[in-house]
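Let's go through a model together, one feature at a time. Ask how to read each thing, and we'll look at the general idea and then at the case here.

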Amino acid sequence: LTFARGKVAIVGVAFSEVVKRSNRSLGQLAVEACLKAIDDAGLRLEDIDGIANYPAPSRISVANPVDGIDIVGVHYIVQALTLEKLRWVCSVMNGTVVASLVEAIHALLAGTCTYALVWRGMHNPPGQFGRLAQPLASGDAQFTAPWGFAHNVVDYSLPYSRYMGKYGATREDMAPFIVRNRANAAKNPNAAFFGQPITREEYMNARMIAEPLSILDCDMPVDGCGALVLTTAERARDLKQKPVLVQGCTALGLPLQPQLLMDFDEFMASAKRVARATWQSSGMSHQEIAQLQLYDGFSYFPYLWLEAFGFYKEGEAYLGLKEDNHSICGRLPVNTGGGALGMGRLHGTPQVIEAVLQIQRRAGPRQVAKPSVALVHAGDSVHIGGALVLSE
Amino acid sequence: MSHLRVLKKNMTPDSGSLRPRPVINDLTKPFWDGIADRKLIIQRCNGCGVFVHPPRHECPACRSPSMTFVSVSGRGIIHARSIVEAPVVIGFEEDVPYVCLVVELAEQKGLLLASNLIVADPYEARIGRPVELAFHTDPDGFIRPIFVLTEEAAP
């Protein structure tokens, strides 16, 4: 039994305003993105009969998130858009936009709905990101927090330190990727860093948070929302945009061993399981991929995905990624829209929407010559990261 | 003795007040009792002999519920590390730069323990370097196992 390849299509995409801090509420931004995506597909609001979402707040420190302000969940959208024809609703507990897209794809294949709306909105409240007052450390955290580990950037710097120590990668090796990402974002009106390229020197001198991760190795928290509309490939034929077909999908990045900390070995083993499921689902291999949109919530993540999915041998992606081969004009372009590092912290929507715009040849000055088949990856190996294979 | 000087300089009584303290339960009590006696003891499966950390009710390798705690050598190598340079972690603002350390204990491949490396120059914390256990008492009396660098093994 194989996945129903090419039977579901992405037919509309949009972003709201994406900025570091907006003076509009997250609810307003999400409504903007959803209405624009429905319009992009050439559909009417009343056509939407399925919705899926991953609503977790941008900051885990938000104790009691308010729907429409800290998060934008299914309750808020159903009410804000008065979705009377709704037949299917899904709110995933974990993952990124990809985990909710996978659910929507399955619902469309099962005939549970006909036009599905999926969004991921994130709010960046005032104050410093990631500071958690935790006077007590219970469960496994009692073995990490008392030593000063309790911060996202500290946790995620650990696998990178291991990668660097194991293979000899340096921040100098990373610089070309960071600079190129921001150059791509500078050409992307959807990006938080639109019109704001950076130099190699700016990267090398960036403020260090938890070495090896500097401020420019972390995607920037933003206020914004990305939205997508999906339907069956058959229905997609009559719509406004060229349909982008789903050839394979998965969302399953979970460690098989208990994780005291982010451990590089388990991270890679889990990434390989995501890769295996993706290729199994699509019936393809890395050789058929023409463009890569890879999750870069932290700068080193693409190294891991490039190796896990077979584009490079283990320990060699850091050498490959800095080459022009992966620029917009290269043979295998990577993160043509600027990725999360350039577009903002929107949990996978930068990757998926850019792949769609490229396949539809709507990427303007970022348009690649051969966008035919995209591998899109979002999330990490321990929080249900996933991938999509999209094609013309 | 150099590491003790660094501790004194970096860890003032004020900076400790918001530091997380463990919520000890039946499963984790032997570990913390060991620390209070300045011993590092790690859970081990009576069935298959595998070391397990953090403690579990049953062995993740063979599912045996028969687990015990045994003393370990306190020797290991740097598996991963982070040099925290920005004052982003509540309770540790005064300590920057400090080294968050993941030690692979000598007893078993992949047996990882979180700690701090106490060292004058944090950039000496290179992957693969040998380390050994020491103990530090925080101003509130909390005893914390830490690590220091040891001489590199002769080639």
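Q: Which residues form one aromatic cluster?
A: Rings of Phe, Tyr and Trp (its six-membered ring) pair if their centres lie within 6.5 Å; planes under 30 degrees apart count as stacked, over 60 as edge-to-face and the rest as tilted. Here the cluster is made of Y156(A), Y160(A), F267(A), Y295(A), F298(A), Y300(A), F301(A) and W305(A). Over all chains, the structure holds 23 aromatic pairs. Keep in mind that this is a predicted model, where local features need pLDDT of at least 70, side-chain atom pairs count only at pLDDT 80 or more, and totals for chains, interfaces and linings use all residues. Residues are numbered from 1 along each chain as its sequence is written, chains are lettered from A and ligands numbered from 1 in the order in which they are written, and side-chain values use heavy atoms, with hydrogens and water left out.

Q: How do I read the pair of Y160(A) and Y300(A)?
A: Check the centres, then the planes. This pair is stacked, at 4.8 Å centre to centre with 5° between the planes. It links distant parts of the chain, 140 residues apart: Y160(A) sits in helix α4 of chain A, and Y300(A) in the loop between β10 (291–293) and α9 of chain A. Helices (H or I, at least four residues) and strands (E, at least two) are DSSP runs, numbered from the N terminus.

Q: Are Y160(A) and Y300(A) buried or exposed?
A: Buried means under 20% relative accessible area, exposed over 50%, partly exposed in between (1.4 Å probe, protein chains only). Y160(A) and Y300(A) are both buried. F267(A) and W305(A) form a stacked pair too, 6.5 Å centre to centre and 20° between the planes. That pair joins helix α8 (residues 264–282) of chain A to helix α9 of chain A, 38 residues apart.

Q: At what angle do α4(A) and α9(A) pack?
A: Axes are lines fitted to C-alpha atoms, for helices over the stretch in contact, and angles run from 0 to 180 degrees between N-to-C directions. Helix α4 (residues 152–167) of chain A and helix α9 (residues 301–308) of chain A pack at about 60°, axes 10 Å apart. Angles under 35 degrees count as roughly parallel, over 145 as roughly antiparallel, 65 to 115 as roughly perpendicular and the rest as oblique, and α4(A) is therefore oblique to α9(A). On the α4(A) side, the contact (heavy atoms within 4.5 Å) is made by Y156(A), Y160(A) and Y163(A); α9(A) brings F301(A), Y303(A), L304(A) and E307(A).

Q: How do α8(A) and α9(A) cross?
A: Their axes come within 9 Å and cross at roughly 50°, so α8(A) is oblique to α9(A). Among the residues in this contact are F267(A) and M268(A) of α8(A), and L304(A) and W305(A) of α9(A).

Q: Where does G297(A) lie, and what is it in contact with?
A: G297(A) lies in the loop between β10 and α9 of chain A, buried at a relative accessible area of 3%. Leaving aside neighbours within four places in sequence, G297(A) is in contact with D217(A), C218(A), D219(A) and A340(A).

Q: What should I look for in the backbone?
A: Most residues other than glycine have a negative phi, and most peptide bonds are trans. R361(A) is not a glycine, yet has a positive phi of about 55°; R361(A) lies in the loop between α12 (349–359) and β11 (373–378) of chain A. In chain B, the peptide bond from H53(B) to P54(B) is cis, with omega near 0°.
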